[in-house]
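Look at the sequence and the structure below before reading on.

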Amino acid sequence: MDGIIFDIKKFALHDGPGIRTTLFFKGCPLNCLWCHNPESRLSEPESVNVGHGEQCKKSKMIGRKISSDLLFQEILKDEMFYVESGGGVTFSGGEPMLQSEFLLEILLKCKQNNLHTTVDTCGHVSWDQFESVLNYVDLFLYDIKLIDEDMHRQYISVSNELIKENLLKLVKAGAKVRVRIPLIAGITDTDDNISATVQFLKQLPELLAIDLLPYNKFGEDKIERYNLPRKRLGLHLQDEATLNSIKHKFTSEGMEVQIGG
Amino acid sequence: MLSKRIEKLRNQSLTATPKISLERARLLTEFYRSGKADKVSIPVGRALAFTYLLEHKEICINDGELIVGERGEVPKATSTYPEICTHTDKDFEILHNREKVWFKSSDKDRKEQIESIAPYWTGKSLRDRIFAELDQSWKDAYEAGVFTEFQEQRAPGHTVLDDKIYQKGLVYFKRDIDISLAQLDFFNDPLALDKREELIAMKITIDALINYAERYADKLKVLAEEEQDSQRKKELEQMESICRKVPANAPETVWEALQYYWFVHIGVVTELNTWDSFNPGRLDQHLNPFYKNDLNVGRFDESFIREILQSFWVKFNNQPAPPKVGVTARESATYTDFCLINLGGVTSSGEDASNEMTYILMDIIEEMRILQPSSMVQISKKNPDRMVRRALDVIKTGFGQPSLFNTDAIIQEMIRQGKSVEDARCGGASGCVETGAFGKESYILTGYFNLPKVLEITLHNGTDPQTGKLIGIKTGESEKLNTFEKLYDAFEKQLNHFIDIKIKGNLIIERMWAKYLPAPFLSVLVDDCISNGTDYNNGGARYNSSYVQGVGMGSLTDSFASLKKHVYDNQSISLAEFIRVLKNNFNESEDFKDELVNNTPKYGNDDDYADDISRMIFESFFNAVDGRPNTKGGHFRINLLPTTCHVYFGSVIGALPDGRLAGKPLSEGISPVQGADRHGPTAVLKSASKLDHVRTGGTLLNQKFIPAIFEDETSVSKIISLIRTYFRMDGHHIQFNVIDADTLRDAQKNPENYTDLIVRVAGYSDYFNDLGVELQNEIIQRTEQSV
């Protein structure tokens with residue numbers, strides 16, 4: 001069957017073990033204020049204007065339909081690199097689980113060929129969808145952003161009930177999970193949120209590790225590049241001392257933490 | 001931390017003015033004018049000339065140095081070789097005034113050159129003889145920039161030493177020569193007389209070099225007597241005794257081994273201006289036994305051994321490549337003489353060869369941070385990751401060294417060419433990326449070959465559109481080339497035509513070197529010249545290969561892919577119309593150019609549409625060249641490397657169908673066209689590995705990374721996997737430029753702040769400031785693999 005992706009990134013070094021190919025699925029159920037891939041939100045391919053002023057006339061399509069066969073052919077091109085480095089394929093987005101049937105088709109092909117699979121998810125999809133792919137995913141990268149529900153609604157526009165619930169179920173079902181926390185200045189990196197996150201994750205000793213993802217301006221650059229109708233936040237970046245003190249809050253509870261994905 | 005004296009020697013080397021030294025030319029002319037050479041055979045004449053040079057050359061001992069011997073009177077005084085190519089006054093003027101890579105000469109020098117040296121050699125120099133011998137079709141193609149020719153102004157060199165000098169002194173080589181002389185069969189061997197003369201010449205050169213070392217010993221003795229500092233005095237005394245011992249006798253310490261090699265090096269580069277890269281080769285293999293012994297018997301401590309090595313390193317940097325003339329100066333404007341120290345790899349029995357010295361030498365490379373010698377690490381599947389990691393550590397400091405080579409591919413390449421497994425394992429790569437059996441092979445680069453130029457000529461039915469001259473064959477007007485197959489067939493015919501011209505020229509040139517300018521000293525060093533009684537330039541070596549180096553693989557592939565897609569598959573433009581667009585250099589065809597650049601399959605993206613074409617081109621080039629006999633009992637082979645010739649070759653071609661504008665540089669080595677690779681390094685490596693490296697004698701692949709990628713351990717491990725995977729796919733070589741574009745732009749604007757910035761250009765490293773603006777821009781433009 002066909003799915004909609006908006007990018008294929010080879011030689012991805014920060015989306016799981018080894019050298020990977022990361023597939024960016026289009027469409028996301030969340031609307032994070034600081035979205036890293038703002039062009040990925042809508043589920044259909046969309047046309048954006050690239051550049052400024054005169055150049056702005058140039059349009060570019062974000063997203064394209066592709067069959068699972070064709071996509072798998074593309075994945076296999078780097079098989080030698082996966083084998084040598086202990087790498088594989090990462091499904092990211094957007095939210096790959098939104099296209100769960102398409103995702104399942106490709107996951108099956110990957111497992112038939114012994115490729116390591118990683119799904120990078122925001123968790124905000126029905127449990128059924130997790131259940132359908134669970135057996136074919138070697139590693140989940142699971143985003144936890146805000147523990148306070150009101151704040152979650154405020155900054156991400158949905159409740160975090162489902163996200164928290166799915167994480168608990170997923171870990172219970174025996175899946176290998178790394179939790180990723182995007183550190184957004186003044187929003188997710190606050191003492192309150194970090195403490196609440198530590199408390200929440202403490203109940204899951206089975207987690208492989210926590211990845212703290214310092215904010216970067218990649219998303220803002222894209223807003224400008226693609227003339228997206230979004231506000232630029234102008235957020236500042238965390239310094240090393242702040243990062244280390246956040247890290248310490250997790251490690252002091254015995255959790256394995258890494259800065260950067 | 002470098003010691004004070006090494007810092008001083010390094011500075012002396014970095015700041016010395018490259019200048020022309022007429023000493024060699026003067027002595028050589030004196031000798032030949034004396035008439036002594038007229039009474040003997042040519043090889044013996046050459047050997048006597050060599051003797052005369054070494055008897056009268058200035059002795060140069062720099063303050064504090066531990067290894068002695070210079071080619072010129074002082075560091076960076078660079079000899080000329082008038083018997084090969086005689087510089088004209090105009091050449092001297094150009095070399096003196098050039099903005100980059102200049103060689104200064106005084107009015108006195110110029111006067112001497114015009115009045116005394118040039119008149120003797122003009123018409124007699126090998127270059128003059130060669131040009132008198134070559135026919136018009138060769139000259140037309142040469143002038144059009146279809147190919148270059150190395151041997152018109154530099155000797156057929158390209159050989160690297162093996163371990164033989166560390167086993168025995170030169171006096172023992174004389175015994176071998178005596179055995180060969182005794183075995184000459186004047187009853188049955190029609191060449192016995194030639195062999196006798198050659199062998200006698202070899203013996204003369206050995207005495208000459210031993211005598212040269214004695215002259216150094218004498219001078220060191222005087223200096224030692226005068227020296228006030230007791231420690232230096234002791235050193236000078238030790239150096240004196242070393243120079244009395246080597247090269248006549250076998251070395252027993254690291255110090256003696258390096259001094260022995262260095263005298264040999266001076267001998268080789270004094271005899272002829274061998275292009276290029278003469279060097280000790282597998283230095284970690286050669287030195288490790290001496291190093292261990294030095295430590296075991298407590299002769300020297302490790303820090304002193306490191307100082308000796310550092311002093312040795314400076315010697316290479318003191319010697320710029322001989323000043324070139326004409327087209328060769330244009331296509332290879334560099335001071336580097338392509339010495340490439342090999343580390344790592346496997347032993348003759350095929351085991352991991354890395355040892356303590358491998359790591360010490362990597363320290364030396366990192367600490368010295370100088371242009372010459374260049375260095376590389378051979379990586380076999382048997383070498384540990386630790387070695388690769390250390391190499392990446394040095395690479396990440398950003399001066400382009402060492403480059404990385406695939407030992408397992410190199411061995412396969414040599415075995416395909418018929419070399420023994422042991423000889424292959426003891427070999428490596430030299431120059432830029434050229435495969436060779438060290439100490440046993442004469443592997444000559446004959447010249448670069450401009451692959452895209454052949455397409456341009458094909459599109460104009462044999463005519464060079466830059467001059468309007470018919471220099472190819474008539475393979476059909478554009479209307480006739482109505483299928484891709486017909487177009488490709490026409491290209492292949494033109495390719496074969498020009499390769500024929502090139503090879504015909506080389507067969508003539510090879511004979512002229514063999515006849516007029518034998519190299520008896522170099523012949524002593526390369527197996528099996530002594531047992532064959534035959535000169536290195538005449539097929540005396542165990543293996544003899546002549547290479548044609550293809551340039552512009554990426555540009556040509558992309559050009560064919562454009563033509564295939566737009567003219568033949570989509571039929572959106574006729575070939576005739578396309579040719580008109582090219583003639584107008586895409587003027588008023590901006591949208592079409594945009595389509596060609598951004599929306600047409602390109603080599604370097606793991607896209608078979610383009611990569612299948614690169615394979616076709618490879619096959620055509622391979623079939624045109626490989627296996628044709630040279631005049632030395634060996635064969636012509638191909639390799640794919642450009643040095644800096646892709647800039648010159650680009651300057652003689654109009655717009656190309658891949659969207660490249662007229663005069664712009666071509667792609668280099670087997671790297672994709674600058675900026676055409678859009679899917680990251682794995683895709684580039686996949687595309688590159690679709691070429692059959694094993695059937696070449698070397699390919700060159702450049703990858704530029706920003707330093708950030710080497711910062712964390714996990715990423716470094718992934719880079720190691722990247723390299724290992726490329727090598728599993730038989731990739732021959734990869735080099736990393738670790739620098740960010742902003743730094744380079746700043747260096748372009750403020751060169752004075754970046755005098756020591758070295759970047760890897762294409763198979764070698766060079767000072768960024770010495771590069772032309774175009775090449776600087778190209779390096780900046782090369783796709784950054786941002787992660």
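How many salt bridges does a search of the whole structure find over all chains? The answer is 73. The structure is a predicted model, and the paragraphs below pick out a few of these pairs.

Start within chain B. The side chains of B:Asp176 and B:Lys168 form a salt bridge, and their closest N and O atoms are 2.6 Å apart. B:Asp176 has a relative accessibility of 25%, so it counts as partly exposed.

A second pair in chain B is B:Lys396 with B:Asp393, where the closest N and O atoms of the salt bridge are 3.7 Å apart. Here B:Lys396 is at 36% relative accessibility and counts as partly exposed. B:Asp393, with a relative accessible area of 31%, is partly exposed too.

The relative accessible area of B:Asp527 is 22%, which means partly exposed. B:Arg542, at 33% relative accessibility, is likewise partly exposed. Both residues belong to one network, in which salt bridges that share partners join B:Asp162, B:Lys164, B:Asp423, B:Lys440, B:Asp527, B:Asp528 and B:Arg542.

Now turn to the place where chain B meets chain A. There, 20 residues of chain B are in contact with 17 residues of chain A. The two chains bury about 1700 Å² between them, and 64% of this area is on carbon and sulfur atoms. How many salt bridges are counted between chain B and chain A? The count is one. It is formed by B:Arg728 and A:Glu84, with the closest N and O atoms 3.2 Å apart. Across the same interface, seven residue pairs are found in polar contact.

Which elements of chain B give two or more residues to the side that touches chain A? They are helix H29 (680-689) and helix H30 (713-728) of chain B. The largest share, eight residues, comes from H30(B). By type, the residues on this side of chain B divide into eight nonpolar, five polar and seven charged.

In chain A, follow helix H3 (residues 100-112). This helix has 13 residues and reaches 18 Å from its first C-alpha to its last, close to the 18 Å expected at 1.5 Å a residue. The buried residues of H3(A) are A:Ser100, A:Phe102, A:Leu103, A:Ile106, A:Leu107, A:Lys109 and A:Cys110. Just after H3(A) comes A:Asn114, which takes a positive phi of about 60 degrees.

Finally, return to chain B and find B:Ser125, in the loop between helix H5 (107-121) and helix H6 (126-133) of chain B. Is B:Ser125 buried or exposed? B:Ser125 counts as buried because its relative accessibility is 1%. Leaving aside residues up to four places away in sequence, B:Ser125 touches B:Pro82, B:Glu83, B:Ile84, B:Cys85 and B:Thr86.

How values were computed: Residues numbered from 1 in each chain as written. Chains lettered and ligands numbered in written order. Predicted model: local features only at pLDDT ≥ 70, side-chain atom pairs only at ≥ 80, totals over all residues. Heavy atoms only, no water. Helix = DSSP H or I, 4+ residues; strand = E, 2+ residues; numbered from the N terminus. Expected span 1.5 Å × (residues − 1). Buried < 20%, exposed > 50% of the residue type's maximum accessible area, 1.4 Å probe, protein only. Contact = heavy atoms within 4.5 Å. Buried area = accessible area lost by both parts, 1.4 Å probe. Salt bridge = Lys/Arg side-chain N within 4 Å of Asp/Glu carboxyl O. Polar contact = N/O pair within 3.5 Å; in protein donor to acceptor, adjacent residues only side chain to side chain. Nonpolar A, V, L, I, M, F, W, Y, C, P; charged D, E, K, R; others polar.
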